[in-house]
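Visitor: I would like to learn how to read the features of a protein model. Could you take me through them one at a time?

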Amino acid sequence: MKKGTQLALVIVLILALCYAIASNVTNSRVVAETENIQLLSTSAEQITIDTNGSYILNFWATYCPPCEREMPAFEAAYATLQAQNIELFAVNVEEPTKLVNRYLAQFNLSFPILLDRNGELKKAYEILTLPTTLFLKDGKVVHTVKGELTEQELLTLTKNFL
């Protein structure tokens, strides 16, 4: 019985080590892929995000009630962020442009809305829940928030991390 327990412990340790190694490889891939982010805007314009400096990526979808609730908060914070040289990008995940544009008609948003049509950026950043907001500095994620943000939370987190 004791040998069985020891064998199980060794297997668990090996699996933990494999997971740690795989996680590091995945994180390296994300950093490499964020060196040059290119997505389409809702008007079909190719947008390249300059990954130098500080910026925020907010991943969202039209079917997500918390995403809808935070849109006005992001709009309210946008001018303050720009004054601090921090760009905000709302990245719609895997939805058709027509649907996104119809949805956005209810808002008066001035910050860029980008389309991750095939979910490549979502996969690169391992986004599993919506909304998810990433705070990035020089192409590296410095903080992640899963869930809805208020204007004040967005500005406070920006101050703390960017």
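Visitor: Which residues of helix α3 are buried?

Guide: This is a predicted model, so read everything here as computed from it. Helix α3 spans residues 97-104, and its buried residues are V100, Y103 and L104. Seen down the axis of α3, these buried residues fall within an arc of 95°, so they line one face of the helix.

Visitor: Why do residues with gaps between them in the sequence point the same way?

Guide: The general idea is that an α-helix has 3.6 residues a turn, so residues three or four places apart point the same way.

Visitor: Which residues are exposed on the other side of α3, and what covers its buried residues?

Guide: K98 and R102 are exposed on the other side. The cover over the buried residues of α3 includes β3, α2, β4 and β5 (113-116).

Visitor: Which residues of α5 are buried?

Guide: Helix α5 covers residues 151-161, and L154, L155, L157 and T158 are its buried residues. They sit on the same side of α5 because their arc around the axis is only 165°. The face turned away from that buried side carries the exposed residues Q152, K159 and N160.

Visitor: What do the buried residues of α5 pack against?

Guide: They pack against β3, α2 (65-83), β4 (86-93), β6 (132-137) and β7 (140-146).

Visitor: How is the crossing of α2 and α5 described?

Guide: Two helices can be described by the approach of their axes, the angle and the hand. The axes of α2 and α5 come within 8 Å and cross at roughly 35°. This crossing is right-handed. On the α2 side, the contact is made by A73, F74, A76, A77, T80 and L81, and on the α5 side by E151, L154, L155 and T158.

Visitor: Where is Q84, and how far is its C-alpha atom from that of T158?

Guide: Q84 is found in the loop between α2 and β4. Q84 has 43% relative accessibility, so it counts as partly exposed.

Visitor: Is S54 buried or exposed?

Guide: S54 lies in strand β3 (residues 54-60). It counts as buried because its relative accessibility is 14%, and the cut-off for buried is under 20%. Leaving aside neighbours within four places in sequence, S54 is in contact with N85, I86, E87, L136, K137 and L162.

Visitor: What does A61 touch?

Guide: A61 is in the loop between β3 and α2. Apart from residues up to four places away in sequence, A61 touches C67, N92, E95 and L130. The C-alpha atoms of A61 and E95 are separated by 7.4 Å, although the two residues are 34 apart along the chain. With 0% relative accessibility, A61 counts as buried.

Visitor: C67 is among the contacts of A61. Which residue forms a disulfide with C67?

Guide: In general, a disulfide is a covalent bond between the sulfur atoms of two cysteines. Here C67 forms one with C64, and their sulfur atoms are 2.3 Å apart. A search of the whole structure finds 1 disulfide. The link of C64 and C67 is right-handed, with 80° about the S-S bond. Both C64 and C67 are buried.

Visitor: L130 is another contact of A61. Which residue does a cis peptide bond join to L130?

Guide: The cis peptide bond joins L130 to P131, with omega about -5°. P131 is in the loop between α4 (120-124) and β6.

Visitor: How many aromatic pairs does the search find?

Guide: A pair of aromatic rings is described by the distance of the centres and the angle of the planes. A search of the whole structure finds 4 aromatic pairs. W60, Y103 and F107 form one aromatic cluster, and Y103 is one of the buried residues of α3.

Visitor: Which residues have a positive phi although they are not glycines?

Guide: A44 has a phi of about 70° and is in the loop between β1 (37-41) and β2 (46-49). At 59% relative accessibility, A44 counts as exposed. E94 has a phi of about 60° and is in the loop between β4 and α3. E94 counts as partly exposed, at 38% relative accessibility.

Terms used: Residues are numbered from 1 along each chain as its sequence is written. This is a predicted model: local features need pLDDT of at least 70, side-chain atom pairs count only at pLDDT 80 or more; totals for chains, interfaces and linings use all residues. Side-chain values use heavy atoms; hydrogens and water are left out. A disulfide is a pair of cysteine sulfur atoms within 2.5 Å. Buried means under 20% relative accessible area, exposed over 50%, partly exposed in between (1.4 Å probe, protein chains only). Helices (H or I, at least four residues) and strands (E, at least two) are DSSP runs, numbered from the N terminus. Contact means heavy atoms within 4.5 Å. The arc is that of the directions from the helix axis to the C-beta atoms. Rings of Phe, Tyr and Trp (its six-membered ring) pair if their centres lie within 6.5 Å; planes under 30 degrees apart count as stacked, over 60 as edge-to-face and the rest as tilted. Axes are lines fitted to C-alpha atoms, for helices over the stretch in contact, and angles run from 0 to 180 degrees between N-to-C directions. A crossing is left-handed if the near helix is turned anticlockwise from the far one by less than a right angle, and right-handed if clockwise.
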